Amino acid sequence: MISLQRVEKLHIFTLVSRLCIGSSPTSSKSSLYANGHRPISQFPRFSTFQVDFHEKRHLQVRREAQAALLDYFYETRNLPFLDAENLSRNSPNFLNRLLKAVLIYGDGENDCDFRRLVTRYLRYHPVNEFEAFFESIGLCPSDYASFLPCVSVSLSDDELLLHNYYVLCNYGIEKSRIGKVYMEAKEVFSYNDGVLQSKIKSFENWGLRHSLVVEIISCSPHLLIGGDNQEFHDFLEEIKKLGLNLGWLEKHVRGCDYCDWKCMLEVMCLLGELGLRDEQIGQVIKNHPGLLLECSGRCTLCLFGLLLKFGTTPSGAQAVFHHFPKVSVAGFTRNLLRSYQFLVGINMPFRDIVRMFSLYPLLLGTCQLKKVGSLVHLLNCGVSRICKMVEEDPYVLRKWIRGVRVERLQQPSRAARGRGVKARFLETLGFVEKSCEMERILRLLMGKGEELQERFDCIVNSGLSQENALAMLRSNPRVLNMSKDVIERKIDVIVRELGYPMKGP
């Protein structure tokens with residue numbers, strides 16, 4: 001047999017072969033030998049040959065061990081051939097442990113026939129057949145460790161286990177999914193003859209096709225022990241009322257790991273409470289099955305709670321579900337949360353955030369936005385300008401989603417910035433933005449926005465009313481082009497020396 005020393009050499013050979021593949025033919029000089037020759041790892045054809053040889057030998061060893069295990073289960077333990085073949089081929093962890101035990105047991109032998117080595121080992125060391133069985137039905141060692149019998153090691157000792165296992169297999173349940181049935185409904189494998197068949201038959205009596213029953217049992221094994229049967233029946237009646245046939249259910253439940261029928265019922269009731277009629281609910285679910293089936297509707301309930309938290313009205317939530325985009329519900333919810341973090345990051349006031357979520361939930365749920373720090377760097381501007389851009393046009397967010405190239409913003413000229421400051425000053429006085437009157441006054445005004453405000457306040461503080469000061473500005477905007485000192489001196493001359501009153505007639 002093969003010694004441990006030889007096995008260690010084999011492991012070292014594997015490591016060296018894998019390192020050879022990762023080496024590059026253009027390595028640095030430090031990777032050269034002292035005599036200047038290139039190392040063997042820089043000849044890819046040679047290293048690939050080594051790895052291919054090792055992989056082929058590894059596969060050959062496993063095939064020989066599987067063949068010996070098949071003979072053991074079939075000829076020695078008298079298991080049916082299909083079962084013996086399933087146990088030997090679909091229990092890789094069990095096979096690895098067996099090979100390690102064989103190598104340790106055969107230390108000092110020089111025999112390279114692994115089939116003979118495994119056969120000889122099994123002749124004197126019976127294995128626990130339950131370990132191979134549980135792994136072949138889809139359970140990992142950590143799952144089935146607590147299920148192993150304390151005394152028995154032979155599958156034939158547990159007749160009920162094998163009987164109900166055959167019932168599920170013959171009905172069409174995949175062997176790799178029977179482990180889920182064992183984990184969630186272990187009582188099924190203790191049923192006497194005819195009990196499990198009658199329970200499966202009861203599903204067909206509800207009008208379910210054979211293929212649909214297979215999927216239902218695979219994803220909800222607890223139904224076989226009487227758990228949630230009434231809720232499942234109510235769920236079937238509800239989808240029929242909504243115009244969804246059982247073929248639609250079979251198509252979308254196929255491959256699901258778990259179904260919470262009560263939670264899905266709550267989702268359908270929620271859509272009804274939002275004001276959607278039965279035919280509308282059926283159409284919404286047809287268009288977006290994930291609203292009902294994704295995490296058994298839990299994602300939809302979380303999304304609804306998030307919308308309510310941000311002030312969305314029931315009619316707004318109804319519109320969201322009625323026009324739900326072609327994205328997953330979990331992805332839509334994550335995008336909403338990231339959008340909220342983005343809006344907080346650009347210092348948007350909370351009332352404006354609530355307004356954004358109330359008016360544009362579909363936009364925020366479909367945009368996977370970049371981080372604020374990255375966007376500030378890419379746009380070369382501050383968060384205040386980004387916030388203003390979002391407030392002016394919320395659909396600008398579509399340009400800032402991940403994976404889309406962002407063009408740097410052009411910085412406004414000095415004249416444009418000064419014009420903007422003067423425009424904001426006039427807006428505070430009540431002038432309409434971009435109106436003809438504001439444009440006429442802007443052409444005649446000179447000075448900074450702070451200076452203009454200071455000059456206007458000087459006129460008002462001198463005794464002239466706000467209305468008269470605005471009338472003066474409209475008739476002669478150039479009055480604000482004078483400095484504050486000049487305005488004060490002229491008012492003093494007009495009022496004190498010439499005797500004109502500050503208030504008009």
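Predicted model: local features only at pLDDT ≥ 70, side-chain atom pairs only at ≥ 80, totals over all residues.
Buried here means under 20% relative accessible area. Where does Asn128 lie? Its place is the loop between helix 5 and helix 6, the latter spanning residues 129–136. The side chain of Asn128 has a polar atom 3.0 Å from the backbone nitrogen of Phe130. Leaving aside residues up to four places away in sequence, Asn128 touches Phe94, Leu148, Ser152 and Val153.

Now step back to helix 5 itself. Two packed helices are described by the angle between their axes and the distance between the axes. Helix 5 covers residues 114–124, and helix 4 covers residues 92–105. They pack at an angle of about 90 degrees, and their axes are 10 Å apart. Angles of 65 to 115 degrees count as roughly perpendicular, so helix 4 and helix 5 are roughly perpendicular to each other. Which residues make the contact? Helix 4 brings Leu98, Leu99, Ala101, Val102, Leu103 and Tyr105. Helix 5 brings Phe114, Leu117, Val118, Tyr121, Leu122 and Tyr124. By type, the residues of this contact are twelve nonpolar, no polar and no charged.

Last, look at the cysteines. A disulfide is a covalent bond between the sulfur atoms of two cysteines. How many disulfides does a search of the whole structure find? The search finds zero. For Cys259, the nearest cysteine sulfur belongs to Cys219 and is 3.7 Å away. A disulfide needs the two sulfur atoms within 2.5 Å, so Cys259 is in no disulfide. Cys259 is buried, with a relative accessible area of 2%. Cys269 is partly exposed, at 44%.

Conventions:
Residues numbered from 1 in each chain as written. Heavy atoms only, no water. Axes fitted to C-alpha atoms, helices over the stretch in contact; angles between N-to-C directions. Helix = DSSP H or I, 4+ residues; strand = E, 2+ residues; numbered from the N terminus. Parallel < 35°, antiparallel > 145°, perpendicular 65-115°, else oblique. Contact = heavy atoms within 4.5 Å. Nonpolar A, V, L, I, M, F, W, Y, C, P; charged D, E, K, R; others polar. Buried < 20%, exposed > 50% of the residue type's maximum accessible area, 1.4 Å probe, protein only. Polar contact = N/O pair within 3.5 Å; in protein donor to acceptor, adjacent residues only side chain to side chain.
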